[in-house]
Structures are given as structure tokens and as C-alpha cells.
Amino acid sequence: MQAGLLDKTITILYKRETQNKYGEQNVTYGQTEADQYKTRARVIQVSGNRTDQNNETFYTYIKRFEVRRYVPINEYDYILYNEKKYRILNIDDSNTSLQNKVIDTELVNE
């Protein structure tokens, strides 16, 4: 992998599950500095589509992020890029010769 291709900064928001005093499970993403990881990435626009969800028009963007192989990430985390959250669909780190991970994501409708 060429280091010059990693020209965008992304933030990985780790999933944290907490339990309140009533026993209810709460899920948060990246609320503290310890729950975030900033790294450089190559961002590739894969596709986009317009859909109608709950009587509103939403643009579903599919992006591919390429990061270094040592970046700690799993399928339950989110990626924050340009102040938008992306849900991870697939992580491919099978190509050991390039030393990278390829992460396919979709835009989260919030």
C-alpha cells in the first residue's frame, strides 16, 4: 500500500454497552476519547442511491475505506468521516502483501 494514498482522516467510534441502575442496556459509540481512534485512510466512493424511508428522502452512500492492517476495528464499530457516521458492512484483511484492511460501509440514517 502506498502511504500517499492515505490522505483523509477518519475516526473509528468503538461500541460500548453499559447498564443503568434499572438493568437496561445502553449502547453508545465513541462518547469518550478512549472510545475513539483516529487514523489516516483512503476513501473510495463505491455507489449511491436515493431511497424513501419514513416519508423522507435519504441518500444511501456506500464508501470503501482502506486503512493500515494494524488499525483496531471490528464489524460493530462506526466510522466517522466528514461528520457523518458509516456502518461497517465488511472488513477484508486477507491481502497480507499490501498490509491493509479494506472496509466497506454504508451511511447511517440518523
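Y81 has K84 of strand 7 as its bridge partner. Strand 7 covers residues 84–92, and four bridges tie it to strand 6 in the antiparallel sense. Strands here are DSSP runs of E, at least two residues long, and helices are runs of H or I, at least four long; both are numbered from the N terminus. Two strands count as paired if DSSP finds at least two bridges between them.

This is a predicted model, so local features need pLDDT of at least 70 and side-chain atom pairs pLDDT 80 or more, while totals for chains, interfaces and linings use all residues. Numbering starts from 1 along each chain as its sequence is written, and side-chain values use heavy atoms, without hydrogens or water.

## Two positive phi angles at the turn

The hairpin of strand 6 and strand 7 has two residues between its strands. N82 lies in this loop. Its phi is near 55°, a positive value in a residue other than glycine. E83 sits in the loop between strand 6 and strand 7 as well. Phi of E83 is near 60°, again positive in a non-glycine residue.

Are N82 and E83 buried or exposed? N82 is exposed, at 57% relative accessible area. E83 is exposed too, at 78%. The cut-offs are under 20% for buried, over 50% for exposed and partly exposed in between, with a 1.4 Å probe and protein chains only.

## Overall build

The protein has eight strands and zero helices. Along the sequence the pattern reads β-β-β-β-β-β-β-β. The C-alpha trace spans about 50 × 35 × 25 Å along its principal axes. Of the 110 residues, 30% count as buried.

Accessible surface comes to about 7300 Å². Carbon and sulfur atoms hold 41% of that surface. The areas are Shrake-Rupley values with a 1.4 Å probe; for residues, only the protein chains shown count as cover. Take the contacts with a sequence separation of 6 or more: 51% of them join residues 24 or more positions apart. A contact means heavy atoms within 4.5 Å.

## The barrel

Which strands make up the closed barrel? There are six, in the order 1-4-5-8-7-6, with antiparallel pairing. From one strand to the next, the twist averages 40°. Axes are lines fitted to C-alpha atoms (for helices over the stretch in contact), with angles between N-to-C directions running from 0 to 180 degrees.

Strand 4 (residues 36–53) and strand 5 (residues 56–68) run antiparallel and share eleven bridges. N49 stands opposite T60 of strand 5. Strand 1 (residues 8–13) pairs with strand 6 (residues 78–81), antiparallel, over three bridges. There, I12 has I79 as its bridge partner.

## The nonpolar core

The largest nonpolar core holds 16 residues. I10, F65, I73, I79 and I103 have the most contacts inside it. Strands 1, 5, 6, 7 and 8 each give it two or more residues. Such a core is a set of buried Ala, Val, Leu, Ile, Met, Phe, Trp, Tyr and Cys residues joined through side-chain atoms within 4.5 Å. In soluble globular proteins, nonpolar side chains tend to be buried together.

I103 touches K63, R64, F65, V67, I73, I79, I88, N90 and I91, leaving aside neighbours within four places in sequence.

D104 belongs to strand 8 (residues 100–107). D104 counts as buried because its relative accessible area is 18%. Which side chain makes a polar contact with that of D104? The partner is R64, at 2.8 Å. A polar contact is a pair of N or O atoms within 3.5 Å; within protein, one must be able to donate a hydrogen and the other to accept it, and sequence-adjacent residues count only if both atoms are side-chain atoms.

Beyond four places in sequence, D104 touches K63, R64, R87, I88, L89 and N90.

E56 lies in strand 5. It is partly exposed, at 39% relative accessibility. Its contacts, not counting residues up to four places away, are T51 and N109.

Y70 sits in the loop between strand 5 and strand 6. At 61% relative accessibility, Y70 is exposed. Its C-alpha atom is 29 Å from that of N109, 39 residues apart along the chain.
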